[in-house]
Amino acid sequence: QMCIRDSLNTHLLAFEVYIRKKKYLLALRSVKKASTIQFDHPDVHRIKMRFFHEVSLVSNLPEKVSQVIKLESQLPLLLNGQDYKQYNQEFLDKYRSSLAHRAAAAEMILIMSNNDEQKSLAQSLLEDMKDSKGAPALNDCIRVHKILEKYLDSSVASRYLEHGRSIFPLSSYFNGGSSSTLSDHPAPLDRSSDVTIETAPEQPSDSGAVSYKHLT
């Protein structure tokens with residue numbers, strides 16, 4: 001299980017490197033590989049939605065790259081032919097009872113929509129601490145608080161912090177005490193400097209010829 005987890009993190013980190021460099025085919029390959037390892041993982045869903053949202057905003061995407069992305073999006077491993085926003089909604093409907101999955105879908109709503117109604121929906125999803133496993137996990141709640149801080153009004157994040165303090169009185173993150181039996185600071189998944197991406201033979205640029213072998 002540790003090997004699988006490390007492998008997944010490698011592809012999540014590789015995605016961060018490639019998407020920042022706008023190497024869209026390599027980013028897509030990372031999404032596919034991560035999806036193969038753990039299809040329904042919340043962070044896999046995040047990079048999948050971020051990828052398709054970002055490329056949808058690129059006005060000058062090379063035609064051949066666009067064609068590959070469109071064809072690949074038909075795969076069940078990716079969007080199964082759906083619009084990415086619809087896919088996010090179905091992910092939410094399927095995993096709504098899981099705090100970690102619900103938070104991932106809600107965060108994507110905040111990233112992908114400027115609609116006030118959608119933002120209000122995302123906020124209500126994030127503020128709901130119920131989890132199908134029982135008591136909410138500390139690390140999940142920490143991540144939710146960080147999402148609220150980043151995308152919503154500071155008063156919303158402050159209110160969640162107070163709620164978290166009542167649930168985790170020994171958590172130093174929620175300011176309830178000086179120690180905790182759990183790690184209050186999970187390692188972020190987007191530290192691209194912490195991973196060395198394997199140097200492969202020269203990859204064609206996104207503006208050049210495209211071959212499906214690059215995505216396998």
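This is a predicted model: local features need pLDDT of at least 70, side-chain atom pairs count only at pLDDT 80 or more; totals for chains, interfaces and linings use all residues.
If we take the contacts with a separation of 6 or more, 65% of them are between residues 24 or more positions apart.

Let me turn to one pair of helices. Two packed helices are described by the angle between their axes and by the distance between those axes. For helix H5, residues 84-95, and helix H6, residues 99-112, the axes come within 9 Å and cross at roughly 155°. Because angles over 145 degrees count as roughly antiparallel, H5 and H6 are roughly antiparallel to each other, and their crossing is left-handed.

Which residues meet there, in H5 and in H6? On the H5 side they are Tyr84, Lys85, Asn88, Phe91, Leu92 and Tyr95, and these meet His101, Arg102, Ala105, Met108, Ile109 and Met112 in H6. Sorted by kind, the residues of this contact divide into 8 nonpolar, 2 polar and 2 charged.

Finally, please find Ser113, which sits in the loop between H6 and helix H7, residues 116-127. Is Ser113 buried or exposed? Its relative accessibility is 13%, and because buried means under 20%, Ser113 counts as buried. A polar atom of the Ser113 side chain lies 3.1 Å from the backbone nitrogen of Asn115, and, if we leave aside neighbours within four places in sequence, Ser113 is in contact with Gln118 and Lys119.

Definitions and conventions:
Residues are numbered from 1 along each chain as its sequence is written. Side-chain values use heavy atoms; hydrogens and water are left out. Axes are lines fitted to C-alpha atoms, for helices over the stretch in contact, and angles run from 0 to 180 degrees between N-to-C directions. Helices (H or I, at least four residues) and strands (E, at least two) are DSSP runs, numbered from the N terminus. Angles under 35 degrees count as roughly parallel, over 145 as roughly antiparallel, 65 to 115 as roughly perpendicular and the rest as oblique. A crossing is left-handed if the near helix is turned anticlockwise from the far one by less than a right angle, and right-handed if clockwise. Contact means heavy atoms within 4.5 Å. Ala, Val, Leu, Ile, Met, Phe, Trp, Tyr, Cys and Pro count as nonpolar, Asp, Glu, Lys and Arg as charged, and the others, Gly among them, as polar. Buried means under 20% relative accessible area, exposed over 50%, partly exposed in between (1.4 Å probe, protein chains only). A polar contact is a pair of N or O atoms within 3.5 Å; within protein, one must be able to donate a hydrogen and the other to accept it, and residues adjacent in sequence count only if both atoms are side-chain atoms.
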